[in-house]
Amino acid sequence: MKLVPLGDRIVLKQLEAEETTKSGIVLPGQSKEKPQQAEVIAVGPGGMIDGKEVKMEVKAGDKVIYSKYAGTEVKLDDDQEYIIVKQSDVLAVIE
């Protein structure tokens, strides 16, 4: 199954959280905070959204930082988890 986002939506795949802190402390699974970094998997076409022209600023393969509580989590047949967010929920592109 393939996700094809509509409008100004973006499909993200969350990057794995660090297992240890910079100081070397190992984090157990429950105490790890979800990372806000993700890889862009698919991008919608943009276009006219609510009467405004929306140009998509990211492309598939980009690494981005997104808003903490943004998006809808989706799990597909292959047990992969994705997050679908609006472009406005993407805060920055990591270069």
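**Chat about salt bridges and confidence**

Colleague: What's the average pLDDT of the protein?
Modeller: This is a predicted model, and the pLDDT averages 85, with 84% of the residues scoring at least 70.

Colleague: Which element has the lowest mean pLDDT, and which the highest?
Modeller: Strand E3 (residues 47-49) is lowest at 82, while strand E5 (residues 63-66) is highest at 95.

Colleague: OK, switching to charges. How many salt bridges does the structure hold?
Modeller: Three. One of them joins Lys63 and Glu39, with the closest N and O atoms 3.9 Å apart. That pair ties together distant parts of the chain, as Lys63 sits in strand E5 and Glu39 in strand E2 (residues 37-43), 24 residues apart.

Colleague: Where are the others?
Modeller: Lys59 pairs with Asp62, closest N and O atoms 3.1 Å apart, and Arg9 meets Asp8 at 3.7 Å, N to O.

Colleague: Which residues gather in the patch of negative charge on the surface?
Modeller: Asp77, Asp78, Asp79 and Glu81. Glu81 belongs to strand E7 (residues 81-86) and is partly exposed, with a relative accessible area of 46%.

Colleague: Last one: what's the relative accessible area of Leu12?
Modeller: 0%, so Leu12 is buried. Leu12 lies in strand E1 (residues 9-14), and its C-alpha is 9.0 Å from that of Val43, 31 residues apart along the chain.

Note on methods
Residues are numbered from 1 along each chain as its sequence is written. This is a predicted model: local features need pLDDT of at least 70, side-chain atom pairs count only at pLDDT 80 or more; totals for chains, interfaces and linings use all residues. Side-chain values use heavy atoms; hydrogens and water are left out. Patches are made of residues with over 30% relative accessible area and no salt bridge: like charges are joined within 9 Å, nonpolar side chains (Val, Leu, Ile, Met, Phe, Trp, Tyr) within 5 Å. Accessible areas come from the Shrake-Rupley method with a 1.4 Å probe; for residues, only the protein chains shown count as cover. A salt bridge is a side-chain nitrogen of Lys or Arg within 4 Å of a carboxyl oxygen of Asp or Glu. Lys and Arg count as positive and Asp and Glu as negative; His and the chain ends are not counted. The place of a charge is taken as NZ of Lys, CZ of Arg, CG of Asp or CD of Glu. Helices (H or I, at least four residues) and strands (E, at least two) are DSSP runs, numbered from the N terminus. Buried means under 20% relative accessible area, exposed over 50%, partly exposed in between (1.4 Å probe, protein chains only). pLDDT is the predictor's confidence in each residue, from 0 to 100.
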